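Please open the model in a viewer and follow the stops below in order. Each stop names a selection and then describes what is found there.

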Amino acid sequence: MNIKINSNFKNIKETYLFSEISQRVKRYSEANPGKDIIRLGIGDVTLPLPSVVTSAMKIAAGEMGEQKTFRGYPPESGYPFLKSAVQSHYQRYGVSLDISEIFISDGAKSDLGNLVDILGSNKVIIPDPVYPVYVDSNLMNGNKITLIAGNKENGFLPMPDQITGDAAEPAVIYICSPNNPTGAAYNSEQLAKWVEYALGTGSLIIYDSAYEAFITQDDLPHSIYEIKGAYECAVEVCSFSKFAGFTGVRCGWMIVPQKLTADDGTSLNKMWLRRQSTKFNGVSYPVQAAAEAALTPEGMKQCLSNIEYYRRNAALIGEVLDSKGIFYTGGRNSPYIWLECPDKMGSWEFFDMLLNKAQIVGTPGEGFGEAGEGYFRITSFGTYENTVRACDRLREIL
Ligand code: MLT
């Protein structure tokens with residue numbers, strides 16, 4: 001063929017982080033058949049869906065098989081019943097949204113990756129370490145990225161005063177809180193500083209709140225819109241994956257406030273609607289019905305009980321690390337434990353050591369960016385039994 005490709009793809013790693021990990025684990029298990037591997041790498045849930053969710057999904061699937069209740073294409077931005085449920089969900093945090101500001105999608109990863117479609121060439125500020133999708137999707141678009149480091153000193157919570165270059169320059173700023181991978185979470189005061197910076201420079205914050213359901217502390221906001229002024233500078237992306245166990249079902253949402261306008265006055269909300277109606281045909285009816293059920297009082301109760309189960313796993317892992325004097329963050333307001341590799345090991349070195357000596361799979365910090373080197377992420381999304389077994393093995397080898 002003589003076609004040209006998007007050469008920006010040459011600037012990203014050949015394999016996506018979690019694909020790289022599964023290839024390494026596959027090679028290990030082929031070379032060591034019969035070894036009992038415990039997977040605490042990718043943040044994938046292990047508990048089945050709450051019963052209130054599967055009941056709603058079954059009823060909706062049945063409706064699709066009846067002439068009277070069959071539905072064809074869903075609205076691109078979501079059924080009004082689910083948007084209303086999301087709207088009410090935000091009211092719990094004192095946040096009022098207009099229905100037109102809510103966009104239902106097949107998950108946070110897609111929204112975060114697709115957002116670059118509507119943005120031009122801007123300064124892009126991304127914390128490091130971070131969920132690789134922010135970096136990769138900007139590199140795919142040829143955008144230049146400024147990384148701001150999270151580290152032990154700043155509690156893995158980089159602040160605007162770390163931004164280098166022209167401080168007045170508008171930027172697209174990514175914030176994930178509670179953070180993937182570090183589990184660190186911004187409090188209201190810290191988030192207010194980011195909002196103030198964005199308003200002062202005319203910047204846009206892309207706020208990823210996929211892990212908000214894991215927050216336990218009262219002083220940590222669940223949504224950026226709890227901060228005054230955020231409606232004028234932030235979009236928010238959230239997901240049913242971690243909160244309701246939808247990793248295999250796929251549903252999420254994005255909030256694009258009507259007040260957001262670009263330098264030439266263009267409405268970001270209108271642009272996003274235009275983008276979605278061109279490239280996306282909506283989420284299936286049974287999935288949206290299931291998502292709506294997760295947001296009912298009974299659904300919330302069942303989802304939060306699953307989250308409590310994962311929290312117990314996180315506490316077990318934390319206890320082992322405490323007993324070994326290993327520094328870590330996360331686990332309290334997040335499903336992730338972010339630990340410093342012992343004996344100054346590199347993060348891939350520690351990955352290999354854990355896999356070979358204890359048959360535990362985690363995620364090397366370096367996979368989330370340079371500032372993650374020397375750190376390692378363990379997820380609490382495993383089963384309780386596997387987490388207990390992994391903790392026994394960790395106690396032995398650390
Ligand atoms: C992770 O392990 O970082 C997440 O599961 C990735 C994702 O949510 O896509």
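Select Asp343 in this predicted model; Asp343 sits in the loop between strand E10 (336-340) and helix H11 (347-358). Although Asp343 is not a glycine, its phi is positive, at about 55°. Its relative accessible area is 70%, over the 50% cut-off, and therefore Asp343 is exposed.

Is Phe156 buried or exposed? With a relative accessible area of 3%, Phe156 is buried.

Two proline loops follow. Select Asp128 and Pro129: the peptide bond between them is cis, with omega near 5°, and Pro129 belongs to the loop between strand E3 (123-128) and helix H5 (132-140). Then select Ser177 and Pro178, which are joined by a cis peptide bond with omega of about -10°. Pro178 lies in the loop between strand E5 (171-176) and helix H6 (188-201).

Now display the largest cavity, which holds about 60 Å³ of space. Its lining includes Val45, Phe243, Cys303 and Tyr310. Helix H7 (241-244) and helix H10 (297-323) each contribute at least two lining residues. Because domain 1 (13-42 + 300-397) and domain 2 (51-298) both supply residues to the lining, the largest cavity lies between them.

Highlight Thr387, Ala390, Cys391, Arg393 and Leu394, which are buried. Seen down the axis of H12, the buried residues fall within an arc of 165°, so they line one face of the helix.

Technical notes
Residues numbered from 1 in each chain as written. Predicted model: local features only at pLDDT ≥ 70, side-chain atom pairs only at ≥ 80, totals over all residues. Heavy atoms only, no water. 1 Å grid on protein atoms, 1.4 Å probe; cavity = no way out; pocket = protein on both sides within 12 Å on 5 of 7 lines; lining within 4 Å. Points joined across faces, edges and corners; volume = space filled by probe spheres on them. Helix = DSSP H or I, 4+ residues; strand = E, 2+ residues; numbered from the N terminus. Domains from an automatic or database assignment. Buried < 20%, exposed > 50% of the residue type's maximum accessible area, 1.4 Å probe, protein only. Arc of directions from axis to C-beta.
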